[in-house]
Amino acid sequence: MLGLGPMGMPMARNLLAAGMPTTVWNRTRSKAEPLAADGAHLADSVAEAAADVVLSVLPDVPQLRSLLDEEALAALGAAGTLLVVTSTTSPEQVQALGEELAPHGIGVLDAPMSGGVAGAAAGTLSLMVGGAEEDLFRARPVLEVIGATLTHLGPLGAGALTKLCNQVVVAGTLASLGEAFGLARAGGIDPQQLTRVLSGGLAASEVLTQKQDKLLSRDYALGGSADNQVKDLLYATAAMEQVEMPGRLTPVLLQAYQDLVERGRGRQDHAAVQELFLRE
């Protein structure tokens, strides 16, 4: 596994708990060291992390590409590695990666995930898979440990496009909740009571379930960052342009999260979008 951020660390723990031989690499080695006690092998380089199936749990494809030097390509190719890209990215980027790595004997599957840090910890992520059926067959034993929902959507890049659809919904739901909580607070309604009402009716959602504590406390300790939400919405906007679909909501959402980043909240959880609607 490459990358032990908020999602990668709990995913690695689940693989180890399932008894799978697991090699982990992280740019900051000290973050990987706690996994050694659970039986993980700590790789000093990407080349050393070569295996039959390698999960890339990095922010995006460019970060992955920067790690694929000659030594890494040789080692991954010699192992016949299937590289599973779990990042939220554009279909074009993951397709180009697949074309570039094929001559080295390295396969690529895109399997972006939804479910947040809570889903990663519980092993209940929803995985959106794009790629060849035979590649999914190889990766399935690993993916079924980290995800409860595994959907094959088509060729390489199909998972990435589906994840962008998912991110439009997440961004929109969070922004709607932020505005609703802002209205409630300004009108003298107890936000805790609002949460109870929303959770019991048609407005209930997994987004509300996972983010309600952050919305209530206004503590935006990092889960999914506002920076990444902007990245995802930029990719979604580009995808809409490519299929000549006129986006109406996505441009508004993109502007809102860009405003949030400009206020210095890019590294906070994207639930901080609520702050756009609150009085100081």
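Reply: A residue counts as exposed when its relative accessible area is over 50%, as buried when that area is under 20%, and as partly exposed in between. With these cut-offs in mind, we can turn to helix 11 (226-242) and the loops on either side of it, remembering that this is a predicted model.

In the loop between helix 11 and helix 12 (249-265) lies Glu-244. Its relative accessible area is 73%, and because this is over 50%, Glu-244 is exposed. The backbone of Glu-244 also deserves attention, for its phi is near 55°, a positive value in a residue that is not glycine. Most residues other than glycine have a negative phi.

The loop between helix 10 (206-217) and helix 11 holds Arg-218, where phi is near 60°, again positive although the residue is not glycine. Here the relative accessible area is 36%, which lies between the two cut-offs, so Arg-218 is partly exposed.

For contrast, consider strand 3 (residues 53-56), where Val-53 and Leu-55 point one way while Val-54 and Ser-56 point the other way, and where all of them are buried. Strand 3 runs parallel to strand 4 (residues 82-85), to which 4 bridges join it, and Val-54 has Leu-83 as its bridge partner in strand 4.

Helix 1 (residues 8-17) is mostly covered as well, with 8 of its 10 residues buried, among them Met-9, Leu-15 and Leu-16. After helix 1 comes Gly-19, a glycine whose phi is positive, near 85°.

Technical notes
Residues are numbered from 1 along each chain as its sequence is written. This is a predicted model: local features need pLDDT of at least 70, side-chain atom pairs count only at pLDDT 80 or more; totals for chains, interfaces and linings use all residues. Side-chain values use heavy atoms; hydrogens and water are left out. Buried means under 20% relative accessible area, exposed over 50%, partly exposed in between (1.4 Å probe, protein chains only). Helices (H or I, at least four residues) and strands (E, at least two) are DSSP runs, numbered from the N terminus. Two strands pair if DSSP finds at least two bridges between them.
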